[in-house]
Amino acid sequence: MRFELTGGQVNEISQAIGLTLGLEGRALVGDRAYDSDAFLACFAEQGMAAVIPARANRRKQRALDARLYALRNVIERFFGRLKAFRRVATRYDETAASYAAAVALASSLIAISGWDA
């Protein structure tokens with residue numbers, strides 16, 4: 001598991017390519033926020049299918065595998081559990097290093113708790 005801390009005004013797609021390079025699998029599941037030509041091309045080169053709904057303003061809409069897209073709820077549930085840790089959800093930490101440590105610790109506790117995606 002990898003994560004990158006950014007400012008609150010930074011969008012997720014700016015960090016997505018770097019965080020997902022080197023992933024193995026047959027498909028990448030994401031929400032509409034990740035519908036970027038550069039992001040999709042990165043995974044097409046690796047032979048992975050993109051299971052990301054096309055934005056409404058995209059000229060050519062892509063087909064979406066609804067069965068695979070439904071698996072995205074696993075990630076959403078993980079973030080729900082992560083936000084149950086008050087220190088992570090409220091961002092009390094004053095430094096990025098201590099907040100990153102809190103996120104890493106909370107993520108580790110979720111992973112070793114027997115939570116089975």
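Me: Before we look at the helices, how are axes and angles defined here?
Reply: Axes are lines fitted to C-alpha atoms, for helices over the stretch in contact, and angles between N-to-C directions run from 0 to 180 degrees. The model in question is a predicted one.

Me: How do the axes of α1 and α2 cross?
Reply: The axes of helix α1, residues 13–20, and helix α2, residues 37–45, cross at roughly 10 degrees and come within 10 Å. Angles under 35 degrees count as roughly parallel, so α1 is roughly parallel to α2.

Me: Which residues meet there?
Reply: From α1, the residues are Ile13, Ala16, Ile17 and Thr20; in α2 they meet Ala38, Phe39, Cys42 and Phe43.

Me: And by class, how many are nonpolar, polar or charged?
Reply: The contact of α1 with α2 has 7 nonpolar residues and 1 polar residue, with no charged residues.

Me: Changing topic, what is the secondary structure of the chain?
Reply: The chain has 6 helices and 2 strands. Starting at the N terminus, the order of elements is α-β-α-β-α-α-α-α.

Me: What does the C-alpha trace span?
Reply: The span along the principal axes is about 45 × 35 × 25 Å.

Me: How much of the chain counts as buried?
Reply: Of its 117 residues, 24% count as buried. The accessible surface of the chain is about 8300 Å², and carbon and sulfur atoms account for 55% of that surface.

Me: What about contacts between residues at least 24 apart?
Reply: Such pairs make up 31% of the contacts in the chain between residues at least 6 apart in sequence.

Terms used
Residues are numbered from 1 along each chain as its sequence is written. This is a predicted model: local features need pLDDT of at least 70, side-chain atom pairs count only at pLDDT 80 or more; totals for chains, interfaces and linings use all residues. Side-chain values use heavy atoms; hydrogens and water are left out. Helices (H or I, at least four residues) and strands (E, at least two) are DSSP runs, numbered from the N terminus. Angles under 35 degrees count as roughly parallel, over 145 as roughly antiparallel, 65 to 115 as roughly perpendicular and the rest as oblique. Contact means heavy atoms within 4.5 Å. Ala, Val, Leu, Ile, Met, Phe, Trp, Tyr, Cys and Pro count as nonpolar, Asp, Glu, Lys and Arg as charged, and the others, Gly among them, as polar. Buried means under 20% relative accessible area, exposed over 50%, partly exposed in between (1.4 Å probe, protein chains only). Accessible areas come from the Shrake-Rupley method with a 1.4 Å probe; for residues, only the protein chains shown count as cover.
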